Amino acid sequence: MSVTVACRECEPERRCAVDSSTGAAPHAIDFRQDDDGHWVAVLSCGHTQHLRHDPPWQSRPWVLDPAARRARLGQPFPCGWCARARPES
């Protein structure tokens, strides 16, 4: 996973609902497309994650399949913004 320049809707300060006391991992609650047609995961922590399928650089063929996207709903989904916000152990 990579986190580069944040879009305005996923700024790390905006919101983060990860429970730091339990370490509950965020999970995918929805998928939508941005203005350019790229798929975006909406995470339970309040952040979003672009999921581009752009071989050979990024290979995520599952994002193009509606059934495969549905199968990932509720599954743990790493959030780069939340990982950056957690203190180092």
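Colleague: What should I know about the model before we start?
Modeller: The model is predicted, so local features need pLDDT of at least 70 and side-chain atom pairs count only at pLDDT 80 or more, while totals for chains, interfaces and linings use all residues. Residues are numbered from 1 along each chain as its sequence is written, and side-chain values use heavy atoms, with hydrogens and water left out.

Colleague: How many helices and strands does the protein have, and how do you know what counts as one?
Modeller: The protein has two helices and three strands, where helices (H or I, at least four residues) and strands (E, at least two) are DSSP runs numbered from the N terminus. From that end on, the elements run β-β-β-α-α.

Colleague: How do you know which strands pair in the sheet?
Modeller: Two strands pair if DSSP finds at least two bridges between them, and β1 and β2 have five bridges, in the antiparallel sense, so by that definition they are a pair. The open sheet of three strands has the order β1-β2-β3, and β1 and β3 are its edge strands because each pairs on one side only.

Colleague: Why is F31 called buried, and what of W62 and C79?
Modeller: Buried means under 20% relative accessible area, exposed over 50% and partly exposed in between (1.4 Å probe, protein chains only). F31 has 11%, W62 has 16% and C79, in the loop between α1 and α2, has 5%, so each of these residues counts as buried. Of the 89 residues of the protein, 28% count as buried.

Colleague: What makes a group of residues a nonpolar core, and which residues touch the most other members of the largest one?
Modeller: A nonpolar core is a set of buried Ala, Val, Leu, Ile, Met, Phe, Trp, Tyr and Cys residues joined through side-chain atoms within 4.5 Å. The largest has 14 residues, of which F31, A41, L43, L51, W62, F77 and C79 touch the most other members. The elements that give two or more residues to this core are β1 (28–33), β2 (39–43) and α2 (80–85), and the largest share, three residues, comes from β2.

Colleague: Why is the pair of F31 and W62 called edge-to-face?
Modeller: Rings of Phe, Tyr and Trp (its six-membered ring) pair if their centres lie within 6.5 Å, and planes under 30 degrees apart count as stacked, over 60 as edge-to-face and the rest as tilted. The centres of F31 and W62 are 5.9 Å apart and their planes stand at 75°, so the pair is edge-to-face. By this rule the count comes to one aromatic pair, which links F31 in strand β1 with W62 in the loop between β3 (48–50) and α1 (66–72), 31 residues apart.

Colleague: How do you know that R72 and R69 lie over rings?
Modeller: A charge sits over a ring if NZ of Lys or CZ of Arg is within 6 Å of the ring centre and within 35 degrees of the ring normal. R72 lies over the face of W62 at 3.9 Å from the ring centre, and R69 lies over the face of W39 at 3.7 Å, so both distances fall within the 6 Å limit.
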